[in-house]
Amino acid sequence: GLLAMDPETGAIMAWVGGIDFNTQQYDQIMARRQTGSVFKPVIYAAALEKGIEPCHYLDNDSIALSDFQNWSPENFDHSYGGKYSLAGALAHSMNVPTFRLFMEVGFGRIDTLWDAMGFSFPLKNTPALALGTGEASLLEIAIAYSSFANGGYKIAPWSIESIQSPDGEIIWQNDFSDFKTRVLSERSALLIRAILRKAVVEGTGSPLQNVYGVTAPFAGKTG
């Protein structure tokens with residue numbers, strides 16, 4: 001599926017629910033699935049809202065939770081040791097530092113922000129939540145990520161501007177008033193956007209430029 005939406009206005013520019021409606025009529029935009037690493041910016045945004053700075057360092061040492069059958073988060077490359085800044089950990093999608101940040105921020109703040117951003121699936125407070133066990137649709141993710149792009153506002157998506165009769169008379173006009181709700185401070189939104197730009201330039205999203213030659217100033221998250 002693919003959803004393109006103006007993060008300032010909520011205008012839906014493209015909605016592709018699948019590769020072939022004749023054979024696959026299930027709308028992937030509305031399908032709910034585990035978010036995986038796409039969930040991480042929510043944790044990091046909650047950390048910034050708490051006052052934790054992008055230069056704050058997070059341990060990358062192995063950790064095992066005895067209360068959860070010695071469950072242990074692992075990085076994608078199975079590396080351990082050293083420290084990562086908050087910005088570096090998100091840009092490189094590090095699991096262990098993210099888990100430590102999750103514990104530092106606390107479930108309550110993350111859950112509150114999750115709800116404010118417009119996600120409908122309730123989160124379960126388990127250690128694996130830090131790695132993205134929460135579920136969401138692509139539409140909900142687009143709405144939430146728009147707040148990173150537009151300065152911290154939740155927007156209402158829309159697809160129809162107006163309806164006209166055959167003779168040109170406007171019989172319905174979309175009312176665009178009061179469609180924004182602040183969910184993040186402007187500072188937190190700008191910082192997350194800068195970190196997600198870092199993810200594209202030098203982090204897990206760098207193949208966008210290095211392999212495919214896309215040099216536009218994108219910010220994004222792999223997941």
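The lining of the second largest pocket comprises 2 nonpolar, 8 polar and 2 charged residues (nonpolar being Ala, Val, Leu, Ile, Met, Phe, Trp, Tyr, Cys and Pro, charged being Asp, Glu, Lys and Arg, and polar the others, Gly among them). The model is predicted, with local features requiring pLDDT of at least 70 and side-chain atom pairs pLDDT 80 or more, whereas totals for chains, interfaces and linings use all residues. Residues are numbered from 1 along each chain as its sequence is written, and side-chain values use heavy atoms, without hydrogens and water.

A pocket is an open set of points on a 1 Å grid over the protein atoms alone, where a 1.4 Å probe fits, with protein on both sides within 12 Å along at least five of seven lines; lining residues have an atom within 4 Å of a point. The second largest pocket has a volume of about 170 Å³, and its lining includes Lys40, Asp77 and His92.

The largest pocket holds about 1,100 Å³ of space. Of its 35 lining residues, Ile141, Tyr145, Ala219, Gly220 and Lys221 lie nearest the centre. Helix H5 (138-149) is among the elements supplying at least two lining residues, and its 7 residues form the largest share. The lining contains 21 nonpolar, 11 polar and 3 charged residues.

Pro41, Tyr44, Ala45, Leu48 and Glu49 in H1 meet Ser188, Leu191, Ile192 and Leu196 in H6 (heavy atoms within 4.5 Å).

Terms used: Helix = DSSP H or I, 4+ residues; strand = E, 2+ residues; numbered from the N terminus. Points joined across faces, edges and corners; volume = space filled by probe spheres on them.
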